[in-house]
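I opened the notebook to work through one chain, a few places at a time. The entries follow in the order in which I looked things up.

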Amino acid sequence: MKAERHAKILDLINQYDIDTQEELAGRLNQAGYRVTQATVSRDIRELKLTKISVNGGRQKYAVMNAHSSEMDEKYLRILKDAFVSMDMAQNILVIRTVSGMAMAVAAAMDAMQWPEIAGCIAGDDTIMCAIRSVDDTLLVMDKIRKIL
């Protein structure tokens, strides 16, 4: 039900210039989704909707596009260009990079928001990635191999 409602919200904001939670709730109710303003507020947060200006200062909800495919390509290119090797120590993934590139690669990996990675710490040419489990470490290594 939630996934259907989220899909309907995206459809509605693409179809109409909706500028308030109340208007969105009204349109959802008209479409057969019984929602409250609190539910709509939560949905907006989960869908990462933002308001953008349209037609002389009016605003409407739109999908926040923090991760464009262009940015994703930049992150992948940084990883490909700077990568030297990787090794695992239980749930710690150690990645070696070209000298001076560890911070850029760690930032790129953080920006890719892989759910298996809790976080990365970078030096000059070495990154330590805290991975959630040993199995996840193997999965991340496989993802990196596919990128390379």
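Entry 1, helix 5. I began at the end of helix 5, where the next residue is Gln 113, and its phi is positive, near 50 degrees. I kept in mind that this is a predicted model. I then went back into the helix, which spans residues 102-112. Which of its residues are buried? I noted Ala 102, Val 105, Ala 106, Ala 108, Met 109, Ala 111 and Met 112. For reading such a list, I wrote down that an α-helix has 3.6 residues a turn, so residues three or four places apart point the same way.

I looked up the elements and found six helices and six strands. Read from the N terminus, their order is α-α-α-β-β-α-β-β-α-β-β-α. I next looked up the overall dimensions. The C-alpha atoms fill a box of roughly 55 × 35 × 20 Å along the principal axes. The radius of gyration is 21 Å, whereas a compact globule of 148 residues would have one near 15 Å.

Buried residues make up 33% of the 148 in the chain. The accessible surface is about 8,800 Å², and 51% of that belongs to carbon and sulfur atoms. How many side chains are positive and how many negative? I have 19 positive and 20 negative, with the centres of the two sets 6 Å apart. I also looked up contacts between residues at least 6 apart in sequence, and 51% of these join residues at least 24 apart.

A disulfide is a covalent bond between the sulfur atoms of two cysteines.

Ile 92 belongs to strand 4, residues 92-97. I have it as partly exposed, because its relative accessible area is 25%. Which residues does Ile 92 contact beyond four places in sequence? They are Asp 87, Met 128, Cys 129, Ala 130 and Thr 137, so Cys 129 from the last entry turns up again. Ala 130 is 38 residues from Ile 92 in sequence, yet their C-alpha atoms are 5.0 Å apart.

Gln 21 is in helix 2, residues 21-30. Gln 21 is buried, since its relative accessible area is 19% and the limit is under 20%. Leaving out residues up to four places away, Gln 21 touches Gln 37, Val 40, Ser 41, Ile 44 and Tyr 61.

Asn 29 is in helix 2 as well. Asn 29 has a relative accessible area of 23% and is partly exposed. With residues up to four places away left out, Asn 29 touches Arg 34 and Val 35. I also looked up Arg 42, which is 13 residues from Asn 29 along the chain; their C-alpha atoms are separated by 16 Å.

Notes
Residues numbered from 1 in each chain as written. Predicted model: local features only at pLDDT ≥ 70, side-chain atom pairs only at ≥ 80, totals over all residues. Heavy atoms only, no water. Helix = DSSP H or I, 4+ residues; strand = E, 2+ residues; numbered from the N terminus. Rg over C-alpha atoms; globule rule 2.2 N^0.38 Å. Buried < 20%, exposed > 50% of the residue type's maximum accessible area, 1.4 Å probe, protein only. Contact = heavy atoms within 4.5 Å. Areas by Shrake-Rupley, 256 points an atom, 1.4 Å probe, with all protein chains shown as cover. Lys, Arg positive; Asp, Glu negative; His and termini not counted. Charge placed at Lys NZ, Arg CZ, Asp CG, Glu CD.
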